[in-house]
Amino acid sequence: SLVNVGANNDPYTNTKETDMDKGYAILVNKYTYLPENYAPDDIVEMSNWYAYPNNSIRQEVYDAFKEMGGKLSFAYALLNNENSGYIINSTLIVNSSYRTSEEQKEIYEDYEDSRGKEYADTYAARPDFSEHQTGLSLDVFSPGANMSNFADTETFKWLSENCYKYGFILRYPEGKEEITGYNYEAWHYRYVGKDLAKKVYDSGLTYDEYYAYYLDD
């Protein structure tokens, strides 16, 4: 797996530009980058019902998120899936979404300046290597949850079992850090479309592996 996804190389070495013809299936990681000055042309602002202020995302991702989560607010959201066998009363709200290359550069450099390059490369992507720049990724949380405990919430349990039905995958799963290049992120979800999300979910693979095995030309 490490060889197939390129992770046998040091991060940000032996890199290549992603295949933009893949559409929503494009791969972006520490070995595959976006074209210079890439910016989606369908970015829309997210309502405060669904996200903290100053969040935006691609239109199709926004529609899928609203379908997945139902009506959301800062204080309360009802997540109800008729096929799940249970109803969750919880708030699900977007904390981070689309970022420009300049915004990603600022985030990365803040990490680097405060904790060093190794730390920055563990917790943030370099500009043009970030999924958030695709407009296809969302970081979500629920009340009382943060990066350290969101994985223990009922909201995360529901997402892990149902997000693929709406076109999302958990991008950085637990125990796959060597392959993805990132620590486990229970809050980071990537939109790939419903058909592909189900295939990735059923495979049990990381997206890096699935792309290398089935999508890379």
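**A walk from the pocket to the sheet and helices**

About 490 Å³ of space lies in the largest pocket. Of the 29 residues that line this pocket, Tyr 123, Asp 139, Met 147, Glu 185 and Trp 187 are the closest to its centre. Keep in mind that you're looking at a predicted model.

The largest share comes from β10, with four residues.

β7, β8 and β10 belong to an open sheet of four strands, ordered β7-β8-β10-β9 and paired in antiparallel fashion. At the edges sit β7 (93–96) and β9 (168–172), each of which pairs on one side only. Going from one strand to the next, the twist averages 50 degrees.

Let's zoom in on one of the pairings. β9 runs antiparallel to β10 (residues 185–191), and four bridges join the two. If you want a spot to look for on screen, find Ile 169, whose bridge partner in β10 is Arg 190. Now look for helix α2 (residues 59–69), which packs on the sheet and touches β7, β8 (137–141), β9 and β10. The direction of α2 makes about 100 degrees with that of β9.

Helix α7 (residues 194–203) and helix α8 (residues 207–215) have axes that come within 10 Å and cross at roughly 105 degrees. Angles of 65 to 115 degrees count as roughly perpendicular, so α7 is roughly perpendicular to α8.

Which residues make the contact between them? From α7 come Leu 196, Lys 199, Val 200 and Ser 203, while α8 brings Tyr 207, Tyr 210 and Leu 215. Sorted by class, the residues of this contact are five nonpolar, one polar and one charged.

Note on methods:
Residues are numbered from 1 along each chain as its sequence is written. This is a predicted model: local features need pLDDT of at least 70, side-chain atom pairs count only at pLDDT 80 or more; totals for chains, interfaces and linings use all residues. Side-chain values use heavy atoms; hydrogens and water are left out. Two strands pair if DSSP finds at least two bridges between them. Axes are lines fitted to C-alpha atoms, for helices over the stretch in contact, and angles run from 0 to 180 degrees between N-to-C directions. Contact means heavy atoms within 4.5 Å. Angles under 35 degrees count as roughly parallel, over 145 as roughly antiparallel, 65 to 115 as roughly perpendicular and the rest as oblique. Ala, Val, Leu, Ile, Met, Phe, Trp, Tyr, Cys and Pro count as nonpolar, Asp, Glu, Lys and Arg as charged, and the others, Gly among them, as polar. On a 1 Å grid over the protein atoms alone, a cavity is a set of points where a 1.4 Å probe fits but cannot get out, and a pocket is an open set with protein on both sides within 12 Å along at least five of seven lines; lining residues have an atom within 4 Å of a point. Grid points are joined across faces, edges and corners, and a volume is the space filled by probe spheres set on the points.
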